Amino acid sequence: MRMIFIGPPGAGKGTQAARLVERYNIPHISTGDMFRAAVKAGTALGKKAQEYMSAGQLVPDEVTIGLVRERLTQSDCSDGFMLDGFPRTRPQAEALEIALEASHIQLDAVLVLEVADELIVSRIVGRRSDPETGEIYHLQFQPPPADIVSRLVHRKDDTEEACRSRLAAYHAQTAPIIPFYDDRNLVRRVDGVGELDNITDRITSALS
Ligand code: AMP
């Protein structure tokens, strides 16, 4: 399975992606995770990415495209992959198409997880992650066990202001790439509202 996972920030992509990569046994390539790892490690890439990320803006295309191109050449991608958070702009989609064509690789699906904006802001602002297990919680909708609350992390870009700016970036830059993949007959739209298990079922049937 070679797929792209698209959806607004806070649509639940991270949670669903973790389930899907296990089911299809493919690597989960999240550019957001790659940038966060670079920031944490204090690399040159991390320093560059951080200024954009904390403002809720997109990291420049040339930086992001190079990072993904290199990642896709690694051996664990030879039988499939899930791209999460990439491509996010038209130039990224075009660059990916060129890179895949050069390697004679075809995409199987572009999954679009749909959640209305009004729901997104409340989801994002209450989101917390557990650095020890990677588990994602929501203070109200999916409360964490009381004994781990103190170690949970609130992402810097999960504030309301950064969230609104990320949503604006999604609508301005990322949503317009969906027609690019519609033209290639790859898009599968899935309703991202409801119980986690139901959403996973909807996704797997859309992909089958
Ligand atoms: P995410 O975890 O996917 O929401 O990404 C967090 C942040 O990383 C975004 O708000 C951007 O600043 C940056 N980022 C992740 N993926 C990309 C991408 N494909 N293009 C540009 N910036 C990105």
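Tyr 181 is buried, with a relative accessible area of 2%. Buried means under 20% relative accessible area, exposed means over 50%, and partly exposed lies in between (1.4 Å probe, protein chains only). Phe 180 also counts as buried, at 3% relative accessibility.

This is a predicted model: local features need pLDDT of at least 70, side-chain atom pairs count only at pLDDT 80 or more, and totals for chains, interfaces and linings use all residues. Residues are numbered from 1 along each chain as its sequence is written, and side-chain values use heavy atoms, with hydrogens and water left out.

**Rings and charges**

A pair of aromatic rings is described by the distance of the centres and the angle of the planes. Rings of Phe, Tyr and Trp (its six-membered ring) pair if their centres lie within 6.5 Å; planes under 30 degrees apart count as stacked, over 60 as edge-to-face and the rest as tilted. How many aromatic pairs does a search of the whole structure find? It finds one. Phe 180 and Tyr 181 form this edge-to-face pair, at 5.0 Å centre to centre and 85° between the planes.

The charged end of Arg 184 sits over the ring of Phe 180, 3.7 Å from its centre. A charge sits over a ring if NZ of Lys or CZ of Arg is within 6 Å of the ring centre and within 35 degrees of the ring normal. Arg 23 places its charged end over the ring of Tyr 24, 6.0 Å from the centre.

**The sheet**

Helices (H or I, at least four residues) and strands (E, at least two) are DSSP runs, numbered from the N terminus. Two strands pair if DSSP finds at least two bridges between them. Here, five strands form an open sheet in the order β2-β3-β1-β4-β7, with parallel pairing. The edge strands are β2 (28-30) and β7, and each pairs on one side only. From one strand to the next, the twist averages 20°. That angle is taken between axes, lines fitted to C-alpha atoms (for helices over the stretch in contact), with angles running from 0 to 180 degrees between N-to-C directions.

| β2 and β3 | three | His 28 and Met 82 |

Why is strand β4 (residues 109-114) described as largely enclosed by the rest of the structure? Five of its six residues are buried.

**Cysteines**

A disulfide is a pair of cysteine sulfur atoms within 2.5 Å. By this rule, the count is zero disulfides. Are Cys 77 and Cys 163 buried or exposed? Cys 77 is buried, with a relative accessible area of 3%. Cys 163 counts as buried too, at 0% relative accessibility.
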